[in-house]
Amino acid sequence: MNSSTINIRELVLGILLAVTRDGEYSHIAIRNTLDKYQYLEKQERSFIKRVCEGTLEHMIWIDYVINQFSKVSVDKMKPVIRCILRSSVYELKYMDAVRASATCNEAVKLAQKKGFYNLKGFVNGVLRNISRNMEHITLPDKEKNPIEYLSITYSMPIWILNMWQKSFTIEQIEVFLEAFLTEMPTSIRVNTLKITKEELKKELEAEQIHVIDEGQENALFIENYDFLKKIPAFQEGKFYVQDISSMQVARWANPKKGDYILDVCAAPGGKSIHLAELMEGTGSVEARDLTVYKVSLIQENIKRCQLHNIYAVVADARILEEEKIGKADIVIADLPCSGLGVLGKKPDIKYKITEKICKELSTIQKEILHIVCQYVKPNGTLIYSTCTINKEENEENIAWFLQKHPRFQLEKQQQIFPKKGKHDGFFLAKFLCQ
């Protein structure tokens, strides 16, 4: 198919509808579309990714702006019109290379193409009015209404800000919010069984990929690549895409050669694979997850990295397996969580998650911890981790666990906060079994 026949704004619309109307996760919807249309020009693929991610990241601010210039409030609009307006407002505000007139014209054409001929005047009027007044939009007063100001400026739901305000200052919260909205290069972990960090850097640079080395142990940042799966070094398993914060799990676990490691919620397998690499082909890592699909993701990554001391198994972490009790040197419990530390990569989480879901997740985490801690042998290690910033799921769960399981001692715990352009928010705790 000729890329000139593809309307890239129509692809953007499809992704935004999949996420905001149909409940799909943004990173999956974007990845599936880019995989399907990988023959598009790099510039077109970049446009799709940037507009989709940017629209979702800034959606509360975008809706605030639209509501100032539309007689129909955003929540009363038809989903197609709402998504067309949202992505167009993102373009008007953040994409200087696209002329405002082009954004407005393309939005009108798309509304017509989708069968909303009678609303083309409405779409045109709202967007041109916003375009003319973009520099005069007023925000809530930061001094008088700091939470409302942060909510609209950084597009963060008020309930999340209220929750964080119980633990952090407004200034600390604003640092998180800035980090989430700052574009981050892709962090990768070097597979040192196959290549050195210096060799990988040279190989990637030879592919015209921009590589940044900030002195992190066996980690690099990459930018200016088009399609990850087309990079030869990726195909050959010479590196694994993983956030710097997440790499800490295997380092804290500090496996010895020959250890038996159980990773109970392992998909897509990054931490398990890191542990297998650290044991240099010895021992065994049993990487588990709940569904066949999730386990297939782990298997795909094991195959790509060509590791032989790791295998993947379908298992429910909430069901005790008697024969595993006291058998594992290390148990990794990187458990399902609210994801409030990775909002920079998965911005739609902030609109899907609720206080009720956070409480349910905290209960599930306790259930799993209660089961999987039984697999740790005496003098073994248990690592608990989440990719969230929420005391109920992190510090409060640790306190609960220590009270219920006195044979475990807390060696250390750390809440890692998101850092602008560097890494996600993450929490981890290391326990030693008596």
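Ala179, Phe180, Met184, Gly341, Gly344, Pro418, Lys419, His423 and Asp424 line the second largest cavity. Keep in mind that this is a predicted model. The volume of this second largest cavity is about 40 Å³. Its lining splits into four nonpolar, three polar and two charged residues.

How many cavities of 30 Å³ or more are there? Two. By class, the lining of the largest cavity has five nonpolar, three polar and three charged residues.

Now the rings. The whole structure has twelve aromatic pairs. Take Phe168 and Phe176: centres 5.2 Å apart, planes at 80°, so edge-to-face. Both Phe168 and Phe176 are buried. Phe168 also pairs with Phe417, again edge-to-face, at 5.4 Å between centres and 90° between planes. That pair links distant parts of the chain, 249 residues apart. Phe168 is in the loop between helix 9 (158-165) and helix 10 (170-180). Phe417 is in the loop between strand 10 (408-416) and strand 11 (426-433).

Buried or exposed? Phe168, at 13% relative accessibility, is buried. Phe417 has 34%, so it counts as partly exposed.

Trp164, Phe168, Phe176, Phe180 and Phe417 are linked by ring pairs into a cluster. And Phe180 is also one of the residues lining the second largest cavity.

Last, charges over rings. Arg304 has its charged end over the ring of Phe234, 3.8 Å from the centre. Lys412 lies over the face of Trp252, 4.3 Å from the ring centre.

Technical notes. Residues are numbered from 1 along each chain as its sequence is written. This is a predicted model: local features need pLDDT of at least 70, side-chain atom pairs count only at pLDDT 80 or more; totals for chains, interfaces and linings use all residues. Side-chain values use heavy atoms; hydrogens and water are left out. On a 1 Å grid over the protein atoms alone, a cavity is a set of points where a 1.4 Å probe fits but cannot get out, and a pocket is an open set with protein on both sides within 12 Å along at least five of seven lines; lining residues have an atom within 4 Å of a point. Grid points are joined across faces, edges and corners, and a volume is the space filled by probe spheres set on the points. Ala, Val, Leu, Ile, Met, Phe, Trp, Tyr, Cys and Pro count as nonpolar, Asp, Glu, Lys and Arg as charged, and the others, Gly among them, as polar. Rings of Phe, Tyr and Trp (its six-membered ring) pair if their centres lie within 6.5 Å; planes under 30 degrees apart count as stacked, over 60 as edge-to-face and the rest as tilted. Buried means under 20% relative accessible area, exposed over 50%, partly exposed in between (1.4 Å probe, protein chains only). Helices (H or I, at least four residues) and strands (E, at least two) are DSSP runs, numbered from the N terminus. A charge sits over a ring if NZ of Lys or CZ of Arg is within 6 Å of the ring centre and within 35 degrees of the ring normal.
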